[in-house]
Amino acid sequence: MHEALQYKKNGDSTVTCSLCNHRCTIKEGKHGICGVRKNERGTLFAETYGKISAEAIDPIEKKPLFHYLPGTLSYSLGGIGCNFHCEHCQNWHISRANLDEAPLRHLAPGEGVHRAVAGGCASIS
């Protein structure tokens, strides 16, 4: 596992995650709302660091930010875990997946950047 970067130790074995606006206070052995950041002995770990469930090269127009660099390609990465609970989520099967059941594969961050550049992508989403 990889230690998370955005959190603080509270001194009582809990941690407060600061990655998103929920600011979860996470007890020992528990996860935050996203389901993928876990407190182990007072240290917060990003359990999905370097793990993806999907990747693709898509036209930017397929993304919700289609006005950004129109006519270009975006290297898309997907993982599990989400801090939203949208009623009509098109990715609910990925966003709410359990770490034990999700088919994840390793992808080092640098390798993802390499694949984006090699694929002629102007952005990573």
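Three strands make an open sheet of mixed pairing, in the order S8-S9-S11. The edge strands are S8 and strand S11 (123-124), as each pairs on one side only. This is a predicted model, in which local features need pLDDT of at least 70 and side-chain atom pairs count only at pLDDT 80 or more, while totals for chains, interfaces and linings use all residues. Residues are numbered from 1 along each chain as its sequence is written, and side-chain values use heavy atoms, with hydrogens and water left out.

Me: What makes S8 and S9 a pair?
Reply: Two strands pair if DSSP finds at least two bridges between them. Six bridges join S8 to S9, so the two strands meet that rule. S8 and S9 run antiparallel, and Ala54 stands opposite Gly78 in S9.

Me: What counts as a helix or a strand here, and how many are in the chain?
Reply: Both are DSSP runs numbered from the N terminus: helices are H or I with at least four residues, strands are E with at least two. On that basis the chain has two helices and eleven strands, following the pattern β-β-β-β-β-β-β-β-β-α-β-α-β along the sequence.

Me: Why is Ser95 called buried?
Reply: Buried means under 20% relative accessible area, exposed means over 50%, and partly exposed lies in between (1.4 Å probe, protein chains only). Ser95 has 10% relative accessibility, so Ser95 counts as buried. Ser95 is found in helix H1. Leaving aside neighbours within four places in sequence, Ser95 is in contact (heavy atoms within 4.5 Å) with Ile80, Gly81, Cys82 and Cys89. Of the 125 residues of the chain, 33% count as buried.

Me: And why are Ser13 and Leu69 called partly exposed?
Reply: Ser13 has 40% relative accessibility and Leu69 has a relative accessible area of 34%, so both fall in the in-between class. Ser13 sits in the loop between strand S2 (7-9) and strand S3 (15-17), and Leu69 in the loop between S8 and S9. Ser13 has a positive phi of about 75° although it is not a glycine; phi of Leu69 is near 50°, again positive in a residue other than glycine.

Me: What makes a set of residues a nonpolar core, and which residues form the largest one?
Reply: A nonpolar core is a set of buried Ala, Val, Leu, Ile, Met, Phe, Trp, Tyr and Cys residues joined through side-chain atoms within 4.5 Å. The largest has seven residues: Ala4, Tyr7, Val15, Cys17, Cys24, Ile26 and Leu44. Not counting residues up to four places away in sequence, Cys24 touches Val15, Thr16, Cys17, Gly32 and Ile33.

Me: Finally, what makes a space a pocket, and which residues are closest to the centre of the largest pocket?
Reply: On a 1 Å grid over the protein atoms alone, a pocket is an open set of points where a 1.4 Å probe fits, with protein on both sides within 12 Å along at least five of seven lines; lining residues have an atom within 4 Å of a point. Of its 39 lining residues, Leu77, Gly78, Gly79, Asn91 and Ser125 are the closest to the centre. The second largest pocket has a volume of about 390 Å³; Leu19, Cys34, Val36, Arg37 and Ala46 are the closest to its centre, of the 24 residues that line it.

Conventions: Grid points are joined across faces, edges and corners, and a volume is the space filled by probe spheres set on the points.
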